[in-house]
Amino acid sequence: FLKQMPKRKVTQTLLEFTRRESLGENFFDNSFVAQSADPSFGDVVLKRLVEQMTYISRAFSFSRVSQQIQGISDPELEQTNMALKRIMIDLTRFMFHGDKSINAYECDGFVKKIGTLGKPDNVFDCRGQLPSAQTLKEKVAYLAQSFYAVPNQFWMPIPSKNLFDNYYFQTGQTTVFQNATQNPKNVMLSNIVPGFLASEALNGMVTFETERFMDTSGVGVPRIPDPNDPTALIEGQYASAPNPPTIATAAVAPSVPLSQWAAGDAGSYAYRVAALNGQASIASVASAPVAVLANGAITITITPAIGGNNADSFAIFRETAPGNGDFKLMKRIPRTPGPTTVYTDLNDDLPGTGIGVMGDFNATSTTDESRTYILSELLPPLKTLFPEGVNGLRTRTGMVEHYAVPQIFTPERFILFKNL
């Protein structure tokens, strides 16, 4: 996704832009007038918006000794490249999942921008399934009719694309008979589904695109490298993270307004919570399982630790099925003022599922809102290598920086598929 994203150079840290909310046209106030009559007035509706620059940086170090030995690879080159890859991964991931209400230093990504439009038709809840071809075509028609969009791509995690490719297993398999003289390489199993056809899409087709780093379906409780075996990950405390919070859970009897708990979801679930401040604490001790009924809810009361670094948000993890002990990220939430933060789980977010974003990724202008999105760069990726002694007398330290912010000018031209 990052490779194909259009980019531009900017020289400001506050980037202003205008979004056109309405052309000023109205079915009941048309442009036809008498031969000598004055025309009626209509005003375009504009919204002036601003995006804050975000700053991404990763440090690295290597010893003088490692420079002297004849190793497999150059330590400076290896550390530099991997630091660069880490910031590229973070930038890609948070282009989709960034939320300034969670971390003020992040950008607001597609999920946040589309979700806060106040337009329910721009969000489709898949409830753990794949959207049907009918749904996809209807959403293309909606974007084209309502927002002048020309949809062309549907970005999704690799596992979701794999499910689309294998969808024919659910709709009926085909038996292939091979001629005795036919080359065996010409007979293969499965399908590769490049996209779907839709009349209002670019060239009549929306292509399926994959991005591995937009997938959060496998994100579990925070883990760090094992000090005794750096190749293994264990639950642990990041250096500058807050201390773990404590939690209490309670069931809310049905019927709860807006509850998404269906009869098939009912059961006893446990939760864990990590405190965040850009880094993550160890996840709290798992709550006791709490039973939820159809149309009910579960409240999680989070109490931050006393002392240590301050927590400004929390990550909530829930079992993917009642009592299975497999805790996956359900949601990140901001900390509320006061001694506790209370979150009510309406089953709106299903742990273990992903997201997809479909819409108009093909606009080309760099000067107006027909450019639906762009990456604005204040500083392209830059490496700085400090003198010896900065981080140790025999250690070389460096960092890689990138000052950039994704700007989604017209989020209404995209559809968010949640719980995919």
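This is a predicted model: local features need pLDDT of at least 70, side-chain atom pairs count only at pLDDT 80 or more; totals for chains, interfaces and linings use all residues.
F386 counts as partly exposed because its relative accessibility is 25%, a value between the limits of under 20% for buried and over 50% for exposed. Leaving aside neighbours within four places in sequence, the residues in contact with F386 are R396, T397, G398 and M399. T80 lies 306 residues from F386 in sequence, yet the C-alpha to C-alpha separation of F386 and T80 is 13 Å.

## Nonpolar cores

The largest nonpolar core has 25 residues, of which F1, F110, V357 and F361 touch the most other members. Two or more residues of this core come from each of β4 (55-63), α2 (75-97), α3 (110-115), β20, β21 and β22 (414-418), and α2 gives the most, with five residues.

Not counting residues up to four places away in sequence, V357 touches F96, F110, I114, Q153, F154, W155, M214, F414, I415 and L416.

## Backbone features in loops

The peptide bond from P254 to S255 is cis, with omega near 5 degrees, and S255 lies in the loop between β11 (246-252) and β12 (267-269).

Positive phi values in residues other than glycine occur at R127, where phi is near 50 degrees, and at N295, where phi is near 70 degrees. R127 lies in the loop between β5 (123-125) and α4 (133-147) and is partly exposed, with a relative accessible area of 26%. N295 lies in the loop between β14 (290-292) and β15 (297-303) and is partly exposed, with a relative accessible area of 38%.

Notes. Residues are numbered from 1 along each chain as its sequence is written. Side-chain values use heavy atoms; hydrogens and water are left out. Buried means under 20% relative accessible area, exposed over 50%, partly exposed in between (1.4 Å probe, protein chains only). Contact means heavy atoms within 4.5 Å. A nonpolar core is a set of buried Ala, Val, Leu, Ile, Met, Phe, Trp, Tyr and Cys residues joined through side-chain atoms within 4.5 Å. Helices (H or I, at least four residues) and strands (E, at least two) are DSSP runs, numbered from the N terminus.
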